[in-house]
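The following exercises are to be worked with the sequence and the coordinates at hand. Each task is followed by a solution in steps.

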Amino acid sequence: MSGTFMSDPATSPAAAPPAAAPPAAAPPAAASPAVANQTPPLCDYNLFTTDEALQAAVSREGANAHAAQLARDGAAIGTAANFEHGRLANRHPPVLQRFNVRGERIDALEFHPSWHALMEGIAARGYHSAPWAHERGRPIAGAHVARAAGYLMQAQVECGTLCPTTMTYGAIAALRRDPDLARDWLPRLITRVYDSRDVPIERKHGGLVGMGMTEKQGGSDVRTNTTRAERTTDGSYRLNGHKWFFSAPQCDAHLVLAQTAAGLSCFLLPRRLPDGTRNGILIQRLKDKLGNRSNASSEVEFVDAWARLLGEEGRGVPTILEMGNYTRLDCVLGSAGMMRQAVVQAVHHARHRRAFGAPLCEQPLMRSVLADLILESEAATALAIRLARAFESDDTSEGTLRRALTSGAKFWVCKRGCELAAEAMEILGGNGYTEELTLARMLREMPVNSIWEGSGNIMCLDVLRAFGKSPATTEVVLRELSTARGQNRYFDAAFERFAAFQAEGFGEALARRFVQIFVTLMQAQLLLGAASGSAGARIVAEAFCATRLNPEAGWGAVFGAGSTPSDAGVLLDRAFAA
């Protein structure tokens with residue numbers, strides 16, 4: 001087969017005449033005029049001193065002595081650099097490196113520098129441990145409330161870093177029950193140093209603790225766990241099995257559940273053994289999650305993993321729930337913090353954006369929506385900080401209230417947070433839907449607080465158990481609510497309905513309705529109790545009762561569907577000063 005070569009069009013006699021030269025490119029269009037009617041960035045502001053509701057709650061719940069420090073924290077957390085760290089930590093999620101260049105199994109986690117910067121700030125402010133660092137052996141008054149306020153502010157910037165923060169906070173509470181484990185671990189957990197090195201805890205300047213409860217086959221039903229723990233001659237245990245959700249695998253240790261001959265038990269499982277070698281924890285993969293993307297959540301297998309028993313054999317669930325009660329508190333705080341930031345973003349935008357001839361914040365329907373969001377956010381803040389006070393002491397009444405209110409608040413506030421974030425995003429329109437702003441991340445983040453540490457139905461059933469197992473629960477709750485009677489007719493009527501509902505008894509199918517009434521009444525009671533603080537606080541309390549507790553108000557389907565407070569402008573100024 002003979003080969004042929006294409007002729008050069010320039011020399012080939014059969015070549016077509018050259019094509020005409022393309023027309024000259026049009027000159028570039030003139031630069032667009034200066035951009036107008038866009039909302040300026042919101043950053044470099046103090047998250048504490050601009051939040052009247054949070055300041056009032058901190059004072060009301062006994063932590064006013066910490067206000068100056070919280071103001072300093074609020075300024076540090078609200079910087080543009082800190083918000084940028086939050087964005088970058090989520091844009092560059094952690095990467096699992098199973099092996100090193102020599103083929104050795106290392107299961108190392110690589111985080112973006114912004115993750116480490118955020119964790120350093122959290123540790124320096126003590127949000128993972130400060131309430132447990134007692135002065136001269138005595139608790140610091142208001143420490144849990146102050147820490148809760150700081151945590152609520154931190155949640156406005158980034159929440160993935162709050163996962164190891166809250167687990168460490170709760171784990172310390174559980175570890176304090178065991179003198180030997182407390183001696184070995186607490187000195188390194190209560191420091192204000194973030195030490196990211198993957199070395200044994202004995203060589204670290206600060207530590208973090210995670211948790212692993214659920215398995216493939218059971219989820220919330222941890223009684224079906226199959227991981228086994230066998231006692232060795234030295235008193236330690238060897239674990240074999242798996243965890244379907246193993247939170248923050250880079251932590252220095254985890255509290256995990258495993259079966260022994262006595263039943264489900266709780267163990268402290270270190271990442272590194274004292275001799276520096278890796279424990280038998282094999283990370284199978286990192287979870288690809290909707291939100292909480294800056295944080296590593298994993299699936300793991302245990303192969304003769306060395307662990308120490310925490311608490312009594314067979315009492316693993318009550319033991320790990322000592323940690324769980326604190327992490328549930330933080331679910332409420334985290335959602336309340338994101339609700340606050342969503343409201344601030346919405347109010348800020350509505351003040352600067354004009355449509356149809358007027359600023360958004362001056363248009364009646366928008367004012368109605370904004371006012372409703374503000375009420376929801378302030379009620380969530382008041383409830384979250386009040387709940388933190390219930391963790392301050394071992395007082396019997398406070399413990400009883402804490403038992404019922406923690407699960408109830410987690411159910412209601414975390415559910416409402418999801419709806420509020422979506423509504424706030426809609427106020428910002430298309431800009432709110434983009435990743436440049438924080439609302440898209442918050443909308444994805446909100447559901448984790450509702451799901452983690454027990455989803456909605458689990459929380460509502462927990463509330464029913466609290467009321468059903470102890471007659472004192474009803475007495476304590478009604479006494480707490482009674483402090484607001486006689487101040488608002490809607491509250492008084494709702495109180496009577498709640499008392500009758502509780503007294504007549506009902507089945508599980510109505511548990512969500514019961515918890516909704518219980519929690520909204522608690523929020524109303526707190527707002528009414530604070531109403532004497534200022535004219536704005538009185539307006540908030542009355543508007544909350546008129547919308548949430550009045551069956552004829554039309555409230556409940558969507559935000560802004562009820563009656564608009566006549567002083568909506570006061571609410572906007574109270575929420576975030578112009």
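**Exercise 1. Locate Ala-248, state whether it is buried or exposed, and describe its phi.**

Solution. Ala-248 sits in the loop that joins strand 5 (237-247) to strand 6 (253-260); strands (E, at least two residues) and helices (H or I, at least four) are DSSP runs, numbered from the N terminus. The model is a predicted one, in which local features need pLDDT of at least 70, side-chain atom pairs count only at pLDDT 80 or more, and totals for chains, interfaces and linings use all residues. Residues are numbered from 1 along each chain as its sequence is written, and side-chain values use heavy atoms, with hydrogens and water left out.

Next, accessibility: Ala-248 counts as buried because its relative accessibility is 0%. Buried means under 20% relative accessible area, exposed over 50%, and partly exposed in between (1.4 Å probe, protein chains only).

Finally, phi of Ala-248 is near 55°, a positive value in a residue other than glycine. Most residues other than glycine have a negative phi.

**Exercise 2. Carry out the analysis for Asn-37.**

Solution. Asn-37 belongs to the segment before helix 1. Its phi is near 60°, again positive in a residue other than glycine. With 33% relative accessibility, Asn-37 counts as partly exposed.

**Exercise 3. Which residues of helix 17 are buried, and where do they fall around the axis?**

Solution. Helix 17 spans residues 568-575, and its buried members are Ala-568, Leu-571, Leu-572, Arg-574 and Ala-575. Seen down the helix axis, these residues fall within an arc of 165°, so they line one face of helix 17; the arc is that of the directions from the helix axis to the C-beta atoms. The cover over them includes helix 1 (52-60), helix 8 (316-352), helix 9 (364-389) and helix 16 (535-548).

**Exercise 4. Describe the largest cavity by volume, lining and residue class.**

Solution. On a 1 Å grid over the protein atoms alone, a cavity is a set of points where a 1.4 Å probe fits but cannot get out, and lining residues have an atom within 4 Å of a point. Grid points are joined across faces, edges and corners, and a volume is the space filled by probe spheres set on the points.

- The whole structure holds 5 cavities of 30 Å³ or more.
- The largest cavity has a volume of about 90 Å³.
- Its lining includes Asp-51, Arg-340 and Glu-378, as well as Arg-574 and Ala-575.
- Helix 1, helix 8, helix 9 and helix 17 each supply at least two lining residues, and helix 9 gives the most, with 4 residues.
- The lining has 4 nonpolar, 2 polar and 5 charged residues. Here Ala, Val, Leu, Ile, Met, Phe, Trp, Tyr, Cys and Pro count as nonpolar, Asp, Glu, Lys and Arg as charged, and the others, Gly among them, as polar.

Notes:
Contact = heavy atoms within 4.5 Å. 1 Å grid on protein atoms, 1.4 Å probe; cavity = no way out; pocket = protein on both sides within 12 Å on 5 of 7 lines; lining within 4 Å.
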